[in-house]
Amino acid sequence: MNELKIEAGKYYRAKKPLKCLDGGFNDRVVLWVSTDGNRIQYNSYSVADGRHYPTVPLEKFQQWAGKEITKEEYMNTSPV
């Protein structure tokens, strides 16, 4: 299992990053972590304008996440 610590306000890149149409990658930023730490809410390129931010179980997000990245890497268009 992935031992990555998931925290609100941090940026994460997928284990297998996918290129988006705008040149970025399918990175996610965690907006909220539940008080019991079992659910998270995130924003990403895949969330369309006007849509609710997805809330998923922590385990599912950890399966997707490959590593934590910086805001600069999030804004950059090349995988690190």
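Modeller: Gladly! Let us start with a pair of facing residues: tryptophan 32 stands opposite glutamine 41 in E3. Strands here are DSSP runs (E, at least two residues; helices are H or I, at least four), numbered from the N terminus. Tryptophan 32 itself belongs to strand E2, residues 28-33. This is a predicted model, where local features need pLDDT of at least 70, side-chain atom pairs count only at pLDDT 80 or more, and totals for chains, interfaces and linings use all residues. Residues are numbered from 1 along each chain as its sequence is written, and side-chain values use heavy atoms, leaving out hydrogens and water.

Biologist: How many bridges join E2 to E3?

Modeller: Two strands count as paired if DSSP finds at least two bridges between them. E2 and E3 run antiparallel and are joined by 5 bridges. Their hairpin has 5 residues between the strands, and glycine 37 there takes a positive phi near 75 degrees. On to the next neighbour: E3 is also antiparallel to strand E4 (residues 55-57), with 3 bridges, and glutamine 41 has threonine 55 as its bridge partner in E4.

Biologist: Which residues form the covered face of E3, and which the uncovered one?

Modeller: Ile40, Tyr42 and Ser44 make the covered face, while Arg39, Gln41 and Asn43 make the uncovered one. For single residues, buried means under 20% relative accessible area, exposed over 50%, and partly exposed in between, with a 1.4 Å probe and protein chains only. Tryptophan 32 counts as partly exposed because its relative accessibility is 39%.

Biologist: Which residues make the nonpolar surface patch?

Modeller: A patch is built from residues with over 30% relative accessible area and no salt bridge; like charges are joined within 9 Å, and nonpolar side chains (Val, Leu, Ile, Met, Phe, Trp, Tyr) within 5 Å. Leu31, Trp32 and Tyr53 make a nonpolar one of about 290 Å².

Biologist: And serine 34, is that residue buried or exposed?

Modeller: Serine 34 is buried, because its relative accessible area is 11%. Serine 34 sits in the loop between E2 and strand E3 (39-44). A polar contact is a pair of N or O atoms within 3.5 Å; within protein, one must be able to donate a hydrogen and the other to accept it, and residues adjacent in sequence count only if both atoms are side-chain atoms. The serine 34 side chain makes such a contact with the side chain of aspartate 36, at 2.5 Å. A polar atom of the serine 34 side chain also lies 3.1 Å from the backbone nitrogen of asparagine 38.

Biologist: How many salt bridges does the structure hold?

Modeller: The term means a side-chain nitrogen of Lys or Arg within 4 Å of a carboxyl oxygen of Asp or Glu. The structure holds 2 of them. In one, glutamate 68 pairs with lysine 10, with the closest N and O atoms 3.5 Å apart. Glutamate 68 is in strand E5 (residues 65-69) and lysine 10 in the segment before strand E1 (11-14), so this pair ties together parts 58 residues apart in sequence.

Biologist: Which residue forms a salt bridge with arginine 13?

Modeller: Aspartate 27 does, with the closest N and O atoms 2.7 Å apart. Arginine 13 lies in strand E1 and aspartate 27 in the loop between E1 and E2, so the pair ties together parts 14 residues apart in sequence. Both arginine 13 and aspartate 27 are buried.

Notes. Accessible areas come from the Shrake-Rupley method with a 1.4 Å probe; for residues, only the protein chains shown count as cover.
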